[in-house]
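Please look over the sequence and the model before turning to the points below.

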Amino acid sequence: MEIGLNHYLVLSTILFTIGLAGVMRRKNLLLLFFSTEILLNSVNIAFAAISHYYGDLTGQMFAFFVIAIAASEVAVGLGLLIVWFKRHGNIDLETMSSMRG
Amino acid sequence: MEKYLYIALFAPLVSSLFAALFTATPKKQFVGIIASLFIFTAFVSSSILLTHILNGGEVVHVEMMTWMATGDLYIPFGFVVDQVSVTMMMVVTLVSTIVHIYSIGYMDHDAGFNRFFSWLSAFVFSMMVLVMSDNFAGLFIGWEGVGLCSWGLIGFWFHKEIATWAANEAFIMNRVADLGMLIGIFLVYWNTGSLQYDIAFAAMPALETSTLTWIGIFLFIGAMGKSAQFPLHTWLADAMEGPTPVSALIHAATMVTAGVYLVIRSHELYDLIPNVGLSIASLGAFVAMFAASMALVNRDMKRIIAYSTLSQLGYMFVAAGLGAYWVALFHLMAHAFFKALLFLGAGNVMHAMHDELDPFKMGGLKKPMKWTFIMMTLASVALAGIYPFAGFFSKDLILEVAFVEHHYIIYTVLLLTAGLTAFYSFRLIALIFHGEERYKLFGIDPHEAYKYMLVGMSPLLLLAIIAGSFKISYFEMVTNLLPEIEYHIHHPITFWIMTIGTQLFVIAAIIFAYKKYANSNVKVPDGTSAMENSIGYKILKNQYYIPYAYEEYIVKPYRELSSLFWQQIDMKVVDATVDGIAGVIYSTGERTRDMQSGNLSTMLKWMVAGTVGLLSLAVVFGLAVRHSDEIFAILSGLGA
C-alpha cells in the first residue's frame, strides 16, 4: 500500500488530538510544553504533506518558521519555568494562580 | 481706517478678557479703570471713523478672515463701517464708556466688581459685532452674544432668586424670538444664495412678494424679541432686577434697540413689502400706548423707566415701519442719551435710598441730591419732547411722519402717548424729588452720588440737551445709505398748529403730573384709596394680567407636560431601557466570572472550547453559504 496525503493528514489529526488532550488534562507545566510541541508539530506535518502534494514550497517554508518560533518559545518558556521552580519548588499548574482574574 | 475699525471692535474684547482674569479675586479698583480706558479707546476709534464718514470718506469694509466656506456657502468675518453702523457704534461706545465709568462708583461695594466689568465689556464687544457685521451670520452671532451677556448681567446678583428668574425669562423669551430670526436668515440664504447684506438685498427685488413677506415677518419676529415688542415684552420690565448701569446700557440704550437696527439695516427688504412695514408701525404704535399706560400706575422707579423705554421703542418701530428709517435711527440715538441718563440718575437715587424703588417712599430728594435732580429732570424733559431738547426733534418727527404718511390713527395714538409719556415721567420726578420728605418715615439719610459719577454722566446730559442740533448733518450723512425722504408738513399753518399743539398738550400733562404728585398731600398708598380699587387701575397695575396669563396658560401647562414626560416617558421608557441593557451586562458578568478562576488549566479548557465553538460556526456558515440556494428554496416552500 502506498502512503498518500490522507495518511499524513490522519497522522496529523491524531497528533493534534493527543496534543489538545494533553493541553487540557496535564497539570505539569513541563508536560504542557510537550503537548504544545506536539500540537505545533502535528500542524507542521500537515503543512509539509500538503506542500508536497501541491508541489508548492510555501508550506514547507512555513513549517520552518513554525519550528523556529516553537524553539524560541520553548527557550523563553523553559527559562521562566526554571525561575518558577527555583522560587516555588514545583511546576504544578494549580499553584500558578497568583494573578487570578 | 481699517486700523481704527479693528481697535473699535476688539478693545472691548480685550477689556473683557482682562477683567475676566480677576474674576476670582476680590475687588480691584484698577480693573474698572482699565476696562473703562479700553472702552474709551473704542469710543475714540469710533469717533475717528465717524469723522471719516462725515467728511464723505469711503465706507470702510474689511474681511478679516473666512469663517465658513463649504460648497456654495461662503461666510466671512466681515465688518463694515458705513453711515448707519457708525451711528450705532458711536451710541454704543459713548454710552458704554459712561456706564463703565459710572459703574466704578455704582458697584463700589459689590463683591462681584471685577466680574461685572468682564460681563459689561463682553456685552460691548457683542454689540459691536452686531452693528458692524456685514452679513446676517455675523449679526446673529452678535445678537446671541448680547443675549448671553444680558442674561449674565440681569442675573448678576444670582443669589437673589428673582434675579435669576428674570435672567432666565429674558433669555428664554429671546430664544423664542431668535428661532423666528433664524428662520428668516435661512430664508434669506435659501432665496438669495448669500448672507452678505449687499448681495442679499440686491437679489431681493427679483423675488416673489410672498417670499419677501415671509422673510420680513420672520426677521421682525427676531426684532420683536430683542426689542421687547408685544407679546414678548414681559422680560424687559423683569430685567430691571439687574444692576442699574446694566439697565442703562443694555435695556435702554443699546441691546433693546438692536431690533430697530435690524429693521433699519434691512430697509431695502422692508421697502419692498410696505404691508409688513405698516403692521410693524401699527404694532409699534400699539406698544407705545400699551407700555405707557402700564407706566402710569407702576410703583417701581426702574420699571416705570423700563416701560418708557418700551414705549419709545414702539415709536422707533412706527418710524421704521413707515419707511422713515433715518427718523427711527435718529430717535434711537437721542433716546439712548436721555434714557441712559434717566437710568443712571435712578441708580443714584437707588443708592441714596438704600435700594428702595418705590417713588412714593421718597419725595423731596431735590435738596440732598441737587445734581441728580437736575439731570433727571432734564432727561425727562428731553423724553417728553419739549423744545429745544433732543426728544423734541426726534419724537415730534415721528409724529410728523405718521401725519405726512396719512396714518391718522397711528398719529393720534402717538400723540396721546406723548401726553402719557410726559405725565408718567413727571409723576416720577415729582414723587422722587418734590413734595414732602417721606423718606424720613423710613429712617433713610440720602446722600448724593460720587462726584466722578456725576461728571461721568454729564456728557449724556449735554447730548440729551443738544442732540437735536445734529439733525441736519446727521440727515446728510445717513441718507447716503437710507432712503432720503424729508417729512415736511406742507402747509405752514398746519405745521405750527401741530407743533405748538403737541407742545401745549405735553406741557399740560407735565403740569397735571406736578399738580397731582408734587404737593404735600401725597401719602404712601396703602391700597385703600378709591383709585387703587378701580378696575382700570388694577388692570394696569397687573400689567394687563399678561404675566399672569403667561404663567397660568403657558408656563404651568408646560411644566405639567414636562413632568409628565419626565415621569412617564423618560423614567419609564428611556431610562428603563438603558438600565435594562446595563443590567443584562452586569448579570452576564456576574454569572461568567467563575470562568476567570485564574487556574491555567481551566482557562486552557475554556480556550479549547471557544476554539471548537468558533470552528464549528465557521463550518456551519461555510456550508450555509455553499448551499444557500437550496436553503432559500426550502424556506420559500415553507412560506407557501
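How many helices and strands are there in chain A? Chain A has three helices and zero strands, in a model that is predicted. The model has an ipTM of 0.82 and a pTM of 0.79.

**Chain A**

- Along the sequence, the elements of chain A follow the pattern α-α-α.
- The radius of gyration of chain A is 17 Å, whereas the globule rule gives 13 Å for 101 residues, so chain A is more spread out than a compact globule.
- Taken along the principal axes, the box filled by the C-alpha atoms of chain A is roughly 50 × 25 × 25 Å.
- Buried residues account for 12% of the 101 residues of chain A.
- Of the contacts in chain A between residues at least 6 apart in sequence, 44% link residues at least 24 apart.

**Chain B: overall features**

- Chain B contains 25 helices and two strands.
- Its C-alpha atoms occupy a box of roughly 105 × 65 × 55 Å along the principal axes.
- Of the 640 residues in chain B, 49% are buried.
- Among contacts in chain B between residues at least 6 apart in sequence, 81% connect residues at least 24 apart.
- The mean pLDDT of chain B is 89, and 100% of its residues reach 70 or more.

**The largest nonpolar core**

- In soluble globular proteins, nonpolar side chains tend to be buried together.
- Here the largest nonpolar core comprises 208 residues, and those with the most contacts inside it are Ala340(B), Leu341(B), Leu414(B) and Ala464(B).
- Helix 15 of chain B (residues 325-352) supplies the largest share of this core, with 20 residues.
- Beyond its neighbours within four places in sequence, Leu414(B) is in contact with Ala285(B), Ala288(B), Tyr315(B), Val318(B), Ile398(B), Leu399(B) and Ala402(B).

**Helix 23 of chain B**

- Helix 23 of chain B spans residues 546-592 and bends by about 45 degrees at Asp570(B).
- The number of buried residues among the 47 of helix 23 of chain B is zero, so this helix lies largely in the open.

**Where the chains meet**

- Eleven residues of chain A are in contact with nine residues of chain B.
- The side of chain B that touches chain A consists of three nonpolar, five polar and one charged residues.

Note on methods. Residues are numbered from 1 along each chain as its sequence is written. Chains are lettered from A and ligands numbered from 1 in the order in which they are written. This is a predicted model: local features need pLDDT of at least 70, side-chain atom pairs count only at pLDDT 80 or more; totals for chains, interfaces and linings use all residues. Two residues are in contact if their C-beta atoms, placed from the backbone, lie within 7 Å. Ala, Val, Leu, Ile, Met, Phe, Trp, Tyr, Cys and Pro count as nonpolar, Asp, Glu, Lys and Arg as charged, and the others, Gly among them, as polar. The bend at a residue is the angle between axes fitted to the seven residues ending there and the seven starting there. Helices (H or I, at least four residues) and strands (E, at least two) are DSSP runs, numbered from the N terminus. A residue is buried if 20 or more other C-beta atoms lie within 10 Å of its own, exposed if 12 or fewer, and partly exposed in between; C-beta atoms are placed from the backbone. A nonpolar core is a set of buried Ala, Val, Leu, Ile, Met, Phe, Trp, Tyr and Cys residues joined through C-beta atoms within 7 Å. pLDDT is the predictor's confidence in each residue, from 0 to 100. The radius of gyration is taken over C-alpha atoms; the globule rule is 2.2 Å times the number of residues to the power 0.38.
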